[in-house]
Amino acid sequence: MNMNPLRAAIAAALLSVAVGATAKPLVVCTEASPEGFDMVQYTTAVTADAVAETIFNRLADFKPGTTEVIPALAESWDISDDGLTYTFHLRKGVKFHTTDYFKPTRDMNADDVVWSFQRQLDPNHPWHKLSSVGFPYFESMGFKELLKSVEKVDEHTVKFSLTRREAPFLADIAMAFSSIYPAEYADQLLKANKAGDLNSKPIGTGPFVFQRYNKDAQVRFKANPDYFRGKPPADALILAIATDNNVRMQKLKTNECQIALYPKPDDIPSIKKDPNLKVAELDAMTVSYTAMNTSHKYMSDVRVRKAIDLAFDKEAYVNALFGKGNATVAVNPYPPTLLGFNHDLKNPPRNLDKARELLKEAGVPEGTVFTLFTRNGGGPTNPNPMLGAQMMQADLAKVGIKVDIRVMEWGEMLKRAKNGEHDMVSAGWAGDNGDPDNFLTPMLSCEAAKNGENYARWCNEQFQALIDQARATVNPEERTKLYEQAQVLFNQDQPWISMAHTRMFTAMRKNVEGYVISPLTTNNFATTQVK
Amino acid sequence: MSTPTTSVAVDQSLLYPSPYKEFWQAFSRNKGAVAGLMFMILIVFCALFAPWVAPHDPSEQYRDFLLTPPVWLEGGQMQFLLGTDELGRDLLSRLIQGSRLSLLIGLSSVVMSLIPGILLGLFAGFFPRLLGPTIMRLMDIMLALPSLLLAVAIVAILGPGLINTVIAIAIVSLPSYVRLTRAAVMGELNRDYVTAARLAGAGLPRLMFITVLPNCMAPLIVQATLSFSSAILDAAALGFLGLGVQPPTPEWGTMLASARDYIERAWWVVSLPGLTILLSVLAINLMGDGLRDALDPKLKNAA
Amino acid sequence: MFSFIARRLGLLIPTFFGITLLTFALIRMIPGDPVEVMMGERRVDPEMHAQAMERLGLNKPLYAQYLDYIGKLAQGDLGESLRTRESVWTEFSSLFPATLELSLAALLFAGILGLLAGVIAALKRGSLFDHGVMGISLAGYSMPIFWWGLILIMFFSVSLGWTPVSGRIDLLYDIEPKTGFMLIDTLLADEPGAFLDALHHLILPAIVLGTIPLAVIARMTRSSMLEVLREDYIRTARAKGLSPSRVVFVHGLRNALIPVLTVVGLQVGTLLAGAVLTETIFSWPGIGKWLIEAIGARDYPVVQNGILLIACLVILVNFVVDVLYGFANPRIRHQR
C-alpha cells in the first residue's frame, strides 16, 4: 500500500488540530448520551450533567464542591415560622437564551417558575400529559404530595406552600428536576404544535447555549454571553460521548478531550504519573455492599451472615477493584464523612476457622449453594461487579460454600432483588443530599423491607425506632448518638457485608483550570477553561 | 518405494489404496491442514486432560500476584508461565481450561444446527412448490436479523450461560446450512445422474440421502468447519459483550472482555486469550481446507 | 424478468409480517421491566409503576399490544424510545448513516482487495502468492474482530499515534449533519482538512469491519474462479482463441461472481453484526451500539422497530442480490 496519502492525511489532521486549538473549546469526554434535553423527564446523572448543569438554572444552587445551598435564580428567600411556606424573591434581568429557534421577548420572571413546577404538579396543566412517563424524579421525591401550591405573588416573587415540614426542601429546589423553563417558549411550541421541540431544542438561562446534539457522538454548546454570573471562560463546550472508559482515557492522553469523566480507579496512578495530566478527587457519598436475604433459609441465621462476613477478604476486594487508596473498606452502612458515623466500630479480622465453625453451628452443610446477584456493567459504587463477585465466590469456597453468580441487567436485577429471589445481591447507593437518613431509611428500614428495596429484607424494630427518632431530631449531637447506636445494632445483626466507600475522580489535562469536583457527582463547567 | 518385483505377485486390487489411505494422502499433501491438525490435537489433548496439564487450579486466586507479567518479561515468575490476570489467576491454566469450553461450544452448536439445517435444506430443495418456499421464507426472516443481534436477543431471553450460548449460536447459524443445502440440491437435481436414479425408480429418501446429499457434502463440510470456528468466535463475541459463559468459568471471550480494562497496564491478559482464539480458529479452518481438498474429487484432480 | 422481480417482491410481504411477529415476540420474551429501567436508580412506588405501564400500553393483553403495534406501523409510526422519548425513526435516521458509511467503506475495502486477490490466486494456483493469499485470508476469517480492533488501536493509535483512537471526526470541527455521511458532510461544510480528518477516522474501523468480508470474498472468488476455469465453456473460449484476460474477466469472473455475490449478500447480516462490535470498540455512533444498549434497557419500541428496520434493509439487499443472481444465471430465473 502507498503510504503517502495516509501521511498527508495525518499531517493535515495534525495541522488542523494545531490551528483549531487557538479557539480553545473545552472538550469533555463523558460516558453516555444524555437521554434527552427536557430535564424533568429524566433521572440519570449523565443527563443532569449535559442538561441541568449547562442549559438550565434553578432557584437555588449548590455551592461548588459542597452540599451548601446558595441563591441562584432566586436572590433570596423567606421561610415561614411553621416551615410550610417558602417565598422566593427572583433575580431581575436574567435572560433566557436567544437562538435561531427562539428569541425571548422578556426576562425570566415568576410565570416561568410557576410554569416549571405546575407542569409537573398539576394533572390539568396542558404540558402535564405530554410526558409519556410522567416526571419520575419529581414523583419519586414525593413532591406531588409535598407541594400544596406554587403561586405567583408578583412579577418577581413566588410562594411555595408545603403540606408538611421538609428540612431538605431548599436542597431539593437546587436539584436538576427543579430546573426553570421559559414559559414563553413553551407557549409558542404548543401553539405551533411542536411540543416535542422542548426536548430536542432546549432553552434555559444557564451558562451554555445548546447548539447541536449528535446521538452517541457529541453535544455542542456555546458560552452564554448574557449569563447572570458572567460569560463562562470557555467559548465552547463539547461533550464527547465515549462509553468505554479506556477510550476516554486514550482520548485524554492524545488531547482529543481535556477532561475525562469517570476514569477507572485503576488508571488513577498512571494518570498521576503522567506529566500532562492531573486528577481532581473527593470522597464520594457512597457505599457498596452485599445484602444477605434474611428471609431465606440459612441466611436468616445471624451466625451464617457473620460467617460470610468473616470469610470475605475486604482488603483484597478494595485493592483489586479500586486500587490502594482509591476507596476505603466500609464498616458501617454510610461513609465516615456523614453525620453520626460510629468510629468505634471495626471490622473483625478475616478468620476462616471461625467462619467454618459458625457455619457448622448453624447447621449449614458443606457445599451449600448461595446465589449472588450482580449487574453486568460497572457503576460509580462498583466499577467491576463481576470481579467482586468472583472474589466473593473464591473466598466462600474456602469455607465450603458454593456461590452461584447470576449476572443480570441492572433493571432486571433490581426487580428480582425486590422480589427477594436472591440469597445475596451486590448493590450500591450514592446519597443525593448528604444526610444519613438518605442512606438508612431507603435501604434498611422495615418499610423498605416490606417493599423489597431493603434487599436484606431485614427489619429490626429497635433499629427502626432509633432512625425514626433521629429523623425527627434537630440537634446534631443528639442525632449523632442515635445514629451511633443504630450502627451498633446494624453490625450486630449483619444484614449486609459493607464493602467499600469510594473516592471519585475526574481526570484532566494539566492546563485545565477552574474545575471543581462535587460531592453530589454533578459536573459543572461554567468556570472551567483550558489555559 | 519398494522394489517393483514384489508387486507383480500381488493382486492388483490389494494395491489400490484404501479410501482412508487415499484421503490421508490427499490431506497430508496440504501442509497447512497438517499444521492445523497438529495444533488441534494439542488443543484437544489440553481439553481432555486439562486438570492434569494445567499447572494451577484455573480458579485459584493468588492475590499477592495480581497481573504478574509472563515469565520472559521483567517481573515474571517461573510459577506463572504466561502471567496472571486481574485476580491473580494463572493465565496458562485458564487458557488450557478454556479450551474445553470453546471446543464444547463449537462442537455442540455445529451438531445442533447442522442436522436440522441439512434436513430442512433437503426438503426445501426437493419440494420447491409449497414446503420449499415456506422454509426459505422462515430462513429469510431469521437471516434478515443480523446474527449477533439475534444471538444477543436470544441470550437476553434465555439468560446468559453455557447452554444458552450454544442454543443461541446454533439457531443463528441454522439458515446458512439450509440455504447452502438447498442451493446445492437445486444445482444437483437437474443433473443427469439424478434423472437416471429417478428413472431407475429410486424412492424419495434414497434420492435425498444417498443420491443427492453425498454430492452436496463438499460445501457442507466446508460450511461445518467454518461454522465450528465461527461458533467459537460468536461465543467469544457474546462473552465480549458480557453475555457469555458465567464466571469463574474460564471462557476465552469472557476472559478477553474482563481483561479489556487492563489493556494498557497488562497487555498479556488481552493479547493471549485473543491469540489463542485466533490460532484455534485458524487451525480449525486450515483443517477444513484440507478436508475439502481431500474430500472433493473434482478439486483434487485439478491439482 | 419483470415477472421474476414481481414474484420475488410478493414473497417479501409474508417475510415482513413474519419479522414483525418475531421481533414483537422476541422483545416480550426478554425478562425485565422497562419502567424499572427508565427510572434508573430512583425508587419506583407500585402506583407510579402501574401508571407508567398504563401510559405505555404495556398492561394490555399481548395480542392487543401486537395489533396496536401493527396499526401504528401501518400509519408509519415507529413509536418513541422509552428511554429518550425521541421518535425511533429520528434516532434511527440520525445513527444509520454512520453505520452505512462504515459498512460501505469496509465493503469497498474488502471487495476490491478480495476480488483482486482471489482472481490472481486462482490464476496462479499453487504459487507462493496463492498460498500467501489463502493463508492470510484464512487468518482474517479466523479473526475475533473485537480483539483485532483493540490490538490495532493499541498499535496504530496509542503506540504509533497514526490514527485517531475513536469517533468519526475530530470534535474541533463543527460539522452540520446534513446527510449524516461524515465524508459528504465535511465536503459540504467547507472546512479545510475536515474531509481528510473524517477519512482518517474511518480507516481503522473500516479495516477492522472489512477483515472478515475480505477473507470471505478472497476465498470465495478464488474457489469459484477455479471451478469456473475448468468448465467447458472456458475451454471453448480459450480454444476459440480469445485473449486470456477476456476469458478470465468476461467469461470466467462473470460466472464466478454468482456464488461470490450470494456470499456478499449473506455478508450484509454479518457486516451489521460486525458493526455492533466495531462500533462498540471505536465509539462509532451507529445503530449497532444503539440496539445493543436498547436490548439492555428493555427499550421495547427501539428494539422492535430498530430490528425491523435493519431486517427490512437486509431483506432488500438480499432481494437485490437475488435479482442479480437471476440476471447472471438464467437457469435460476426460469426455474420457478
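Axes here are lines fitted to C-alpha atoms, for helices over the stretch in contact, and angles run from 0 to 180 degrees between N-to-C directions. This is a predicted model: local features need pLDDT of at least 70, side-chain atom pairs count only at pLDDT 80 or more, and totals for chains, interfaces and linings use all residues. Residues are numbered from 1 along each chain as its sequence is written, with chains lettered from A and ligands numbered from 1 in the order in which they are written.

**View 1. Chain C has 14 helices and zero strands.** Helices (H or I, at least four residues) and strands (E, at least two) are DSSP runs, numbered from the N terminus. The C-alpha trace of chain C spans about 85 × 55 × 40 Å along its principal axes.

**View 2. Of the 336 residues in chain C, 50% are buried.** Buried means 20 or more other C-beta atoms within 10 Å of the residue's own, with C-beta atoms placed from the backbone. Take the chain C contacts (C-beta atoms within 7 Å) between residues at least 6 apart in sequence: 72% join residues at least 24 apart.

**View 3. Helices α8 (residues 182-189) and α9 (residues 194-229) of chain C cross at roughly 165°.** Their axes come within 8 Å. The angle therefore makes α8(C) roughly antiparallel to α9(C) (over 145 degrees). The crossing is right-handed (near helix turned clockwise from the far one by less than a right angle).

**View 4. Residues at the contact of α8(C) with α9(C).** From α8(C) come Met182(C), Leu183(C), Thr186(C), Leu187(C) and Ala189(C). Helix α9(C) supplies Ala194(C), Phe195(C), Ala198(C) and Leu199(C). By class, eight are nonpolar, one is polar and none is charged. Ala, Val, Leu, Ile, Met, Phe, Trp, Tyr, Cys and Pro count as nonpolar, Asp, Glu, Lys and Arg as charged, and the others, Gly among them, as polar.

Terms used:
Buried ≥ 20, exposed ≤ 12 C-beta atoms within 10 Å, placed from the backbone. Contact = placed C-beta atoms within 7 Å. Parallel < 35°, antiparallel > 145°, perpendicular 65-115°, else oblique.
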